[in-house]
Amino acid sequence: MNENLSKGNRRNFLKGGLVLGGLTLLNPERAISSPLNDQSEEFKIITGPYLQTNFGNSLSILWITSKDSSSWVEYGLSPDQLDKKAYGKSELGFKPAGRLNCVKLENLKPGTSYHYKIVSKEIKDFQPYKMTYGETISGNTESFLNTDPAKAEVSFLMLNDLHDRPKSIAHLLDLDKGNKRDFIFFNGDIFDYQNDEQQIINNMLQPCVDYFASSTPFVYVRGNHETRGKFARDFPAYFDHVGNTAFTLGPVRFVILDTGEDKEDSHPVYAGIVDFDQYREAQAVWLEKEISRKEFKNAAFRVVMMHIPPRYSGDAHGSVHCTQLFEPIMNRGKVDLVLSGHTHRYKVHQPDKKLNNYPIIIGGGPKDGSRTLTKIKATNKQIEVSMLDDSGKEVGSYLVVKR
Ligand SMILES: [Fe+2]
C-alpha cells in the first residue's frame, strides 16, 4: 500500500505549510493557530521522544518541536558514548527541516539495548542563500531495547476505543505494572475525531511519553473515528505508521488492517470526500497476496489486528464490507487469532467452522467499567490472551494452541 508515501507527503505538507513565517498558502486556518507562528514562543521540544516500530531491527524515534528545526538523533551502546548520528529520511534531496521529526534507526543489533538523545537546531531565518540557525536543544538521554526479531516469546498489550480519555492510558497500563512488553498496540478510536495538533499531543502522545513511549515502542492502527474531523488528513504525519501493514516478530506474523469508516462513503456526514470502499478493497487485494507470502505461511501463528472486527459488529456498511472482503481470505489463510475493538462491548467470540474459523477477541471501552486491557503472550506452541477490565478483573481469555 502507499501508506508510507502518503505519510511522507503529509509530513512535507505540514512543513510546507509552516515554513513561510506565519503565512501559508496551503492551510491558512492552521497557520493562524499553529504555535510555530507565534514568534514569541520559545524554541522547545513540545512532546517526545516517542517510539514506533515494525521491528526487523529498525525503530523510529519521533518528536515535535515548537518551531522548524534541523533535527537528528545521537545514539550508541552506552549513555556516555552516543557516537552515532541519524537524520530523518531525505526526500528529493532534502533532509527534513520541520516541526514533526521522525528519525528511523536501521540495522540495529538484535536484542541489544541502545541509548539515545534527540537533538533539534532551530531554523530562525530561512533565506534563499543564508540560513540562520538559533539555539540547539536536546532531550534527556533515553534508552530502548531493540527487540530480537527471532525471539522465542512475544508479548504485548492492546488498548482500544479510548475516545479522548487520556487518563485511561496510565490507568489501564498500570494494571500490567512491572512487566516488560515488546510493544503496546493501539487498536483504533483513541480519539473521537481529529481537531488539531494539541488534541493528538494531550490525549495520546504526551500520556504515552509520560508512561512508556520513550523506551517501549507502540504500534497504531486507525479506527473509524481517527478518519473524522478537519485534522484527520494531517493526523498521519504525527506517526511513523497508522495504516495497514504486516511484520514478523518471533513466532507471530502480524497483519494489521485499517478498516476505515463504518458508514457508506456516500453518507452526508462525509460530505463526498471519503473513499473507504476502495481503500478496503485495495487492502483485500494486499491481504490476498500476504497470505501467500512465506513469512505468513511459515509463521507458527498468524494474528490479524483490525479496529472494526471482521464479524459481530452489527450491520453498518463498514462492518458488513469487512466481513465480505476479509473473512474469506482470512479463513483461507488459516488465521489463528483476530484482535479488534469498535463495539464498546468486550467479548470473546469463539471460532465457528462456517463463519469465522478463528477466535475474535473484541476489547471494550471507553467508559469506566467497560474499558479493557488485553494482554497477549505468544510462543512457538501457543498464544495466551487475557482481557482485564479496568478494575483488573479478567473478563475474557483464550488459548490458541498450535494446530
Ligand atoms: Fe470504532
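Author: Start with a term: donors are N, O and S atoms within 2.8 Å of the metal (3.2 Å for Na, K and Ca), and water is not among the atoms, so sites may look incomplete. This is a predicted model, where local features need pLDDT of at least 70, side-chain atom pairs count only at pLDDT 80 or more, and totals for chains, interfaces and linings use all residues. Residues are numbered from 1 along each chain as its sequence is written, and side-chain values use heavy atoms, with hydrogens and water left out.

Reader: OK, which residues coordinate the iron ion?

Author: D189 (OD), N224 (OD1), H307 (NE2) and H342 (ND1) do, at 2.1 to 2.2 Å. Along the chain, the spacing is D-x34-N-x82-H-x34-H.

Reader: Where do N224 and H307 sit?

Author: N224 is in the loop between β11 (218-221) and β12 (245-249). H307 is in the loop between β14 (301-306) and α7 (317-332). They are 83 residues apart, so the pair links distant parts of the chain. Strands (E, at least two residues) and helices (H or I, at least four) are DSSP runs, numbered from the N terminus.

Reader: Is H307 buried or exposed?

Author: Buried, with a relative accessible area of 0%. Buried means under 20%, exposed over 50%, partly exposed in between (1.4 Å probe, protein chains only). N224 is buried too, at 1%.

Reader: New topic. How many disulfides are there?

Author: The search of the whole structure finds 0. A disulfide here is a pair of cysteine sulfur atoms within 2.5 Å.
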